[in-house]
Each structure stands twice: as C-alpha cells, then as structure tokens.
Amino acid sequence: MSKNIQRRKISIIIPTINEAGNIKQTIATTQPSANIEVIVVDGGSQDDTVAIAMSLGVKVISSSPGRAMQMNAGAALASGDMLLFLHADTLLPVGFDEMIIAALQQPGVVAGAFALRINADLASLRLVEKGVYWRSRFLQMPYGDQAIFMTKAVFQQVGGFPELPIMEDFEIIRRLKRLGRITILSVPVVTSARRWLQKGVFKTTLINQIVIIAYLLGIKPAQLRTWYSQGKFFNF
C-alpha cells in the first residue's frame with residue numbers, strides 16, 4: 001500500500017484574481033509534500049499575483065474570470081489522479097496529501113474536504129466554525145473554502161464544476177452526494193477572515209444563508225451574484 005501511495009499524485013488547483021498578498025503563503029503550504037503539482041489559474045489579476053506564482057516555480061495558466069471556469073481549466077490540464085481545489089487565501093495543514101489519499105481510499109467515499117479554521121481571534125468566528133463543522137459532518141455539505149478534493153475520474157463523472165457565477169461549490173457537492181459519501185477531515189485548513197471582517201460576521205453569515213435559500217428557491221445564479229457583489233441583500 002505504501003508503494004501505491006507514493007505513486008499517486010495530487011494536482012492542487014488554485015484560482016486567483018488579485019491575490020498577491022496571499023498566494024506566496026498559500027503555495028508555501030503545498031510545498032513540503034511529494035507527488036504534487038500546483039496549478040495557479042489566473043482570471044486576469046492586475047497586481048503581482050502571476051509574477052509571484054511564476055517565481056515560485058509552479059504552473060501558471062490564464063483563464064476567463066470566474067472561479068468555476070478557472071478551476072475547470074486547471075483540472076483539464078492536471079496530471080494527477082486526484083484533484084484538490086484550494087482558494088488562494090487558504091492554507092493547507094501539514095500532511096494534507098497523506099490525509100487526502102487515505103480519505104479517498106475509504107469505501108463509499110467519492111470526495112472530501114477539511115474542517116475550517118478562520119484566521120482571526122473573534123468568539124463569533126469560533127461559532128461560525130462550529131456551524132461549518134456540524135453542517136459538513138451531518139449534511140455532508142462542505143463549501144469551497146474547505147479545500148474540496150476528489151479523484152479526477154469522479155470530477156469528470158460529475159462534469160466538473162457547473163460554470164455558474166456563484167454557488168458552483170454548493171452545486172458540485174450536491175452532484176457528488178448522489179454518487180457516494182463526502183468525508184470531512186478533522187484537521188482544518190486555515191482561511192482568511194477578510195470576507196467576514198469586511199461586512200461583519202453576523203451579516204456575512206446571514207447573507208450566505210439567504211443566498212443558499214434563494215438558490216434553492218430557483219433564483220438565477222447571475223442575479224444572486226449581482227445582488228451579492230452590490231450588497232443589495234441588506235441596506236443596513
């Protein structure tokens with residue numbers, strides 16, 4: 001089994017737009033591991049994201065903007081038999097590769113993700129983390145900031161990420177659940193707190209839930225994206 005593990009390869013796909021402040025640290029957390037490739041898929045950064053990524057010796061490609069399109073573009077070029085989709089502001093734990101390989105060898109498991117740690121010292125964010133834990137464990141519904149992973153064969157079977165302007169991670173997990181179990185690793189990735197701090201923890205969490213409910217009620221993703229980016233869910 002150990003020889004089999006050594007031969008397996010994980011392709012880590014990182015979609016970026018203007019992530020010069022995060023990309024170096026994120027890539028650094030991928031580097032101690034063997035048998036990986038890192039593919040940065042840039043959607044048109046105007047800062048030094050591309051230059052920084054290239055200086056670190058990873059593969060860098062360009063794509064139309066949009067996280068789903070960028071991740072699909074990276075997956076199409078991936079040489080690994082396992083895919084890990086990593087946000088550019090999210091840090092992997094030590095030993096992530098062995099954890100992923102072991103998880104995907106479990107009977108009935110088609111995909112997985114990590115627990116979530118948000119990088120700020122706020123009691124309200126510890127509550128958010130607990131909510132993510134219970135949602136992920138009991139509903140098998142991790143989101144993209146938890147570093148979703150699966151085999152390339154399974155990714156192709158579900159047709160990749162639906163190229164939606166928002167909710168692409170939610171939708172691919174729904175499709176994956178029809179194939180088998182989504183496992184959640186107890187070790188967390190560490191993600192930036194910036195989106196919670198920008199609008200406030202309570203407001204951000206509430207908006208996220210409203211977006212999910214609206215999506216399930218049939219509101220078009222393009223409309224949701226417009227409302228989300230323009231802050232039209234609330235006027236307070």
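Thr90 stands opposite Thr191 in strand 8. Strands count as paired if DSSP finds at least two bridges between them. Strands of a sheet pair through backbone hydrogen bonds, either parallel or antiparallel.

This is a predicted model: local features need pLDDT of at least 70, side-chain atom pairs count only at pLDDT 80 or more, and totals for chains, interfaces and linings use all residues. Residues are numbered from 1 along each chain as its sequence is written, and side-chain values use heavy atoms, with hydrogens and water left out.

Strands here are DSSP runs of E with at least two residues, helices are runs of H or I with at least four, and both are numbered from the N terminus.

Next, the aromatic rings. The structure holds 8 aromatic pairs. Rings of Phe, Tyr and Trp (its six-membered ring) pair if their centres lie within 6.5 Å; planes under 30 degrees apart count as stacked, over 60 as edge-to-face and the rest as tilted. Phe114 and Phe149 have ring centres 5.8 Å apart and planes at 65 degrees, so this pair is edge-to-face. Phe114 sits in strand 6 (residues 109–119) and Phe149 in strand 7 (residues 148–151), so the pair links parts of the chain 35 residues apart. Elsewhere, Phe85, Phe155 and Phe161 form one aromatic cluster.

Some rings meet a charge. Arg135 lies over the face of Tyr143, at 3.5 Å from the ring centre. Arg195 lies over the face of Trp196, at 4.0 Å. The rule asks for NZ of Lys or CZ of Arg within 6 Å of the ring centre and within 35 degrees of the ring normal.

Arg195 is among the lining residues nearest the pocket centre, with Arg67, His87, Arg225 and Tyr228. The lining has 46 residues, and the pocket holds about 1,400 Å³ of space. Helix 10 (201–216) gives the most to this lining, with 6 residues. By class, the lining has 20 nonpolar, 14 polar and 12 charged residues. Ala, Val, Leu, Ile, Met, Phe, Trp, Tyr, Cys and Pro count as nonpolar, Asp, Glu, Lys and Arg as charged, and the others, Gly among them, as polar.

There is also 1 cavity of 30 Å³ or more. On a 1 Å grid over the protein atoms alone, a cavity is a set of points where a 1.4 Å probe fits but cannot get out, and a pocket is an open set with protein on both sides within 12 Å along at least five of seven lines; lining residues have an atom within 4 Å of a point. Grid points are joined across faces, edges and corners, and a volume is the space filled by probe spheres set on them.

Last, the backbone. Ala147 has a positive phi of about 60 degrees although it is not a glycine.
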